[in-house]
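Hi,

Here is the structure I promised to pass on.

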Amino acid sequence: MWKYDIRKGKWTDISPVRLPGGEKAGFGYAVVSVDACNPKYMIASMHSWGKHGYKSDEMFRTVDGSKNWKPIFKTRYAYDYSKASYTKVPLLHWMFDIEIDPVDAEDAMFTTGFGGWETFNLSAVERGKPVKWSIMSAGIEETVSLEFYAPQKGARLISGIGDYGGFTHFDLNRPDSLGSHANPHFGNTNGVTGAWLKQDLIVRVGTLFGHQPDAKTISYSEDGGRRWTMCATVPTEKSRNGHIAVAVDGSSWI
């Protein structure tokens, strides 16, 4: 991150942290936002993908014009997931735009691939207290639909999506209260279907999310998508993604 002095025609490095390798190391700065009422107050976002001593992406704050920066998430923070429980699964990643409210320096927002977040106590980081972030709205989600299955009874819709696995929707007007499918968590769910004459049997296949060394890429539910059981085996060690077909009585899967 660089600051330009217009009068002197000089650039100054004001990076909150400096890491070797830059973009090649999976690291870089994204956005800077300045308080409209006090230009010494700024926030800056950093992509780190959980590397270099950071558990997730990071946001830094300065109140002295970039001489000193404090990492908000590495200091203390709290999340309120109540409007969209599915956001509990992924770590903070792909932080995009960040903004400080021009009339209230305590109010700040950031956006990611899994929704927008807002705080009203940004200065808490200066006191070493948690900055509380809340998901901003229900029903606005950045997802990629890969496959849907609609049973005849029970859930209205069972989804297979990119990044967050999938959901069992009993009410299409509300976010899924169960959260994304677990045991195991998938990143992408490329196939999801069920046995038409055995409505409670649902099967899904995909690719694993994060580090799950003993997990398998096929999982099934015997209660209509509420709870899931990981299959003991897969066709080959590297089986992933693909699609799944289930006999009408559930006796065989392909």
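Below is what turned up, starting with the ground rules.

This is a predicted model, so local features need pLDDT of at least 70 and side-chain atom pairs count only at pLDDT 80 or more, while totals for chains, interfaces and linings use all residues. Residues are numbered from 1 along each chain as its sequence is written, and side-chain values use heavy atoms, with hydrogens and water left out.

First, the inside. The largest nonpolar core has 23 residues, and those with the most contacts inside it are I43, M59, I72, F73, M95, F110 and W133. By "nonpolar core" I mean a set of buried Ala, Val, Leu, Ile, Met, Phe, Trp, Tyr and Cys residues joined through side-chain atoms within 4.5 Å. "Buried" is under 20% relative accessible area, "exposed" is over 50%, and "partly exposed" is in between (1.4 Å probe, protein chains only). Two or more residues of this core come from each of α1 (72–75), β8 (98–101), β9 (104–112) and β11 (131–135); β11 gives the largest share, three residues. Those labels are DSSP runs numbered from the N terminus: helices are H or I with at least four residues, strands are E with at least two. Apart from this core lies another, of 10 residues, with V17, Y54, F60 and W69 among them.

F110 is worth a click. Leaving aside neighbours within four places in sequence, F110 is in contact (heavy atoms within 4.5 Å) with M59, F73, L92, M95, D97, I98, G115, G116, W117 and W133.

Next, the sheet. Four strands make an open sheet in the order β3-β4-β5-β6, with antiparallel pairing. At its edges are β3 (28–34) and β6 (70–71), each pairing on one side only. Strands pair here if DSSP finds at least two bridges between them; β4 (residues 42–47) and β5 (residues 58–62) have five, in the antiparallel sense. One detail there: M46 has E58 in β5 as its bridge partner.

On to the charges. How many salt bridges does the structure hold? There are four, counting a side-chain nitrogen of Lys or Arg within 4 Å of a carboxyl oxygen of Asp or Glu.

- R61 with E126: the closest N and O atoms are 3.1 Å apart. The pair links distant parts of the chain, 65 residues apart, with R61 in strand β5 and E126 in the loop between β10 (115–119) and β11. R61 is buried, at 5% relative accessible area, whereas E126 is partly exposed at 29%.
- R174 with D171: 3.5 Å, N to O. R174 counts as exposed because its relative accessible area is 59%, and D171 is partly exposed at 32%.
- D223 with R227: 2.7 Å, N to O. D223 is buried at 15%, while R227 is exposed at 62%.

Finally, the surface. W2, Y4, I6 and W11 form a nonpolar patch there, with about 560 Å² of accessible area together. Patch members have over 30% relative accessible area and no salt bridge; like charges are joined within 9 Å, and nonpolar side chains (Val, Leu, Ile, Met, Phe, Trp, Tyr) within 5 Å. Areas come from the Shrake-Rupley method with a 1.4 Å probe, and for residues only the protein chains shown count as cover. W11 lies in strand β2 (residues 10–13) and is exposed, at 52% relative accessibility.

Cheers
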